[in-house]
Amino acid sequence: HEQEAFVHALRRVELHVHIEGAMTPDLLFTIAKRNGYQMEHDLFDWSTTAEHGAETTATYKEYMDLNHFLNVYTKATEVLKTHRDFHDLGYEYMRKAHSNGVMHAEIFVDVQTYVDRGLEADDVVHGLEEGFSRGQEEFGISYLMLGCALRHLSPDQCVDGMEILRPYHEQGLIHGMGLCSMERGQPPSKFLPAFQRAKDIGFERFTAHAGEDGPASYVSEALDVLGVTRIDHGINGIKDQEVFERLRKEGTMVTLCPLSNIALNVIQHLGELPIRKMLDHDLKVSRRRPWWRVEHAHAQESSPMQFSINSDDPALFNSWITDNFIAIHKEHALSKADWIKISHDSIDGSWADQERKEEMR
Ligand code: ES4
Ligand code: ZN
């Protein structure tokens, strides 16, 4: 258990988290109360714990799959109305991140969802910005906000979504762009116009959720057509030998969210994630060579996969980034050296500036 204490004590970098997915039931109830908002559907399970003086706690109900989850996620965000709501959501995430040892976070926000409901984009982005920056001052956590194209909308609507973000890119508040929401049946190329518009606006950092519940070919397409340098989830890509090799060779950062994949039935067991293979040098290269060239082959021709471990929607899955680290540690029995590699790669593969990266190393 000394090993587990080591994993617990690590300082973490979170590269894949949606702010909407970080709204705890408690925060939702607080915001609902002050906004006089009644949730239409019952999203929660209730449990009573005798040990804490018969306290009743709510957790989000279980999900069947990604699309079912996205319905609940969208429903829950309907409670959010004001600048103050977004400030609180941002600040509460930073508090949780701090208690999870996070030193840097890159956080997706679905701005278009709120604008389509009639909220002011300024309330969303400036509210979050104030909450995050308060967290940064208090806890020393650096952060970058990332926008995203939402695949449940049409390609044209996603282009409009990029225009919503233009002023915030100019204000230096939104740093990168992702491709999120439902995946199956929505090939990345369909959203090329939105990515092109984002490039015109001046965005330079691109990522895409790919191979979560879509096929391995969507991972290749996101790299080839959209020109992303990061892949979120990528599960079906890393299960495919060819795509795995490509991700490894190109040093693409893959942001794993293991407990998200379990919660959404993307995988049935954490053992399905080829963590050992992702950490090790390519053995096939060395096996084909005479024993005296093995060292050379390792050094010259193969390097491990670049990946990070993240929470995705921690409140909605009731599992935060530390839970994800511990779950992977228990399943795959990683060494200290493995964890140090993962930590360093998460820093190097982040979009923090060089000075901040050096501070974190
Ligand atoms: C998401 Cl788990 C997941 N997948 C795709 N898009 C998302 N947005 C929020 N959570
Ligand atoms: Zn995600």
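1. A121. A121 sits in helix α6; helices are DSSP runs of H or I of at least four residues, strands are runs of E of at least two, and both are numbered from the N terminus. This is a predicted model: local features need pLDDT of at least 70, side-chain atom pairs count only at pLDDT 80 or more, and totals for chains, interfaces and linings use all residues. Residues are numbered from 1 along each chain as its sequence is written, with chains lettered from A and ligands numbered from 1 in the order in which they are written. A121 counts as partly exposed because it has 15 C-beta neighbours inside 10 Å. On the cut-offs, a residue is buried with 20 or more other C-beta atoms within 10 Å of its own, exposed with 12 or fewer, and partly exposed in between, with C-beta atoms placed from the backbone. A121 touches V111, V115 and I164, leaving out residues up to four places away in sequence. Contact requires C-beta atoms, placed from the backbone, within 7 Å. P167 is 46 residues from A121 along the chain, and their C-alpha atoms are separated by 9.8 Å.

2. The α4/α6 pair. Two packed helices are described by the angle between their axes and the distance between the axes. Here helix α4 (residues 83-99) and helix α6 (residues 121-139) pack at about 30°, axes 7 Å apart. Axes are lines fitted to C-alpha atoms, for helices over the stretch in contact, and angles run from 0 to 180 degrees between N-to-C directions. On the α4 side the contact includes F86, L89, G90 and M94. On the α6 side, V124, G127, L128 and F132 are among the residues involved. By class the contact has 8 nonpolar, 8 polar and 7 charged residues. Ala, Val, Leu, Ile, Met, Phe, Trp, Tyr, Cys and Pro count as nonpolar, Asp, Glu, Lys and Arg as charged, and the others, Gly among them, as polar.

3. Y93. Y93 also belongs to helix α4. Y93 is buried, because 29 C-beta neighbours lie inside 10 Å. Its contacts beyond four places in sequence are I19 and A22. Y93 and I19 are 74 residues apart in sequence and 7.5 Å apart in space, C-alpha to C-alpha.

4. The core. The largest nonpolar core has 89 residues, of which I107, L128 and A222 touch the most other members. Strand β5 (residues 142-150) gives the most to this core, with 7 residues. Such a core is a set of buried Ala, Val, Leu, Ile, Met, Phe, Trp, Tyr and Cys residues joined through C-beta atoms within 7 Å. L128 touches I19, F86, L89, G90, V109 and M145, not counting residues up to four places away in sequence.

5. Ligand 1. The shell comprises H18, G21, L66, Y73, C180, S181, H209, E212, S260, D312 and D313. A residue is near the ligand if its C-beta atom, placed from the backbone, lies within 6 Å of it. These shell residues divide into 3 nonpolar, 5 polar and 3 charged.

6. A76. A76 is found in helix α3 (residues 66-77). A76 counts as buried because 23 other C-beta atoms lie within 10 Å. Its contacts beyond four places in sequence are M23, L28 and L43. A76 and P304 are 228 residues apart in sequence and 39 Å apart in space, C-alpha to C-alpha.

7. A352. A352 lies in the loop between α18 (336-348) and α19 (354-360). A352 is buried, because it has 23 C-beta neighbours inside 10 Å. A352 touches H104, S142 and K357, leaving out residues up to four places away.

8. Positive phi. Most residues other than glycine have a negative phi. H233, in strand β8 (residues 230-233), has phi near 75°. H233 is buried, because 29 C-beta neighbours lie inside 10 Å. N318 has a positive phi of about 50° and is not a glycine. N318 is in the loop between α16 (314-317) and α17 (321-332). N318 is partly exposed, because 15 other C-beta atoms lie within 10 Å.

Terms used
Two residues are in contact if their C-beta atoms, placed from the backbone, lie within 7 Å.
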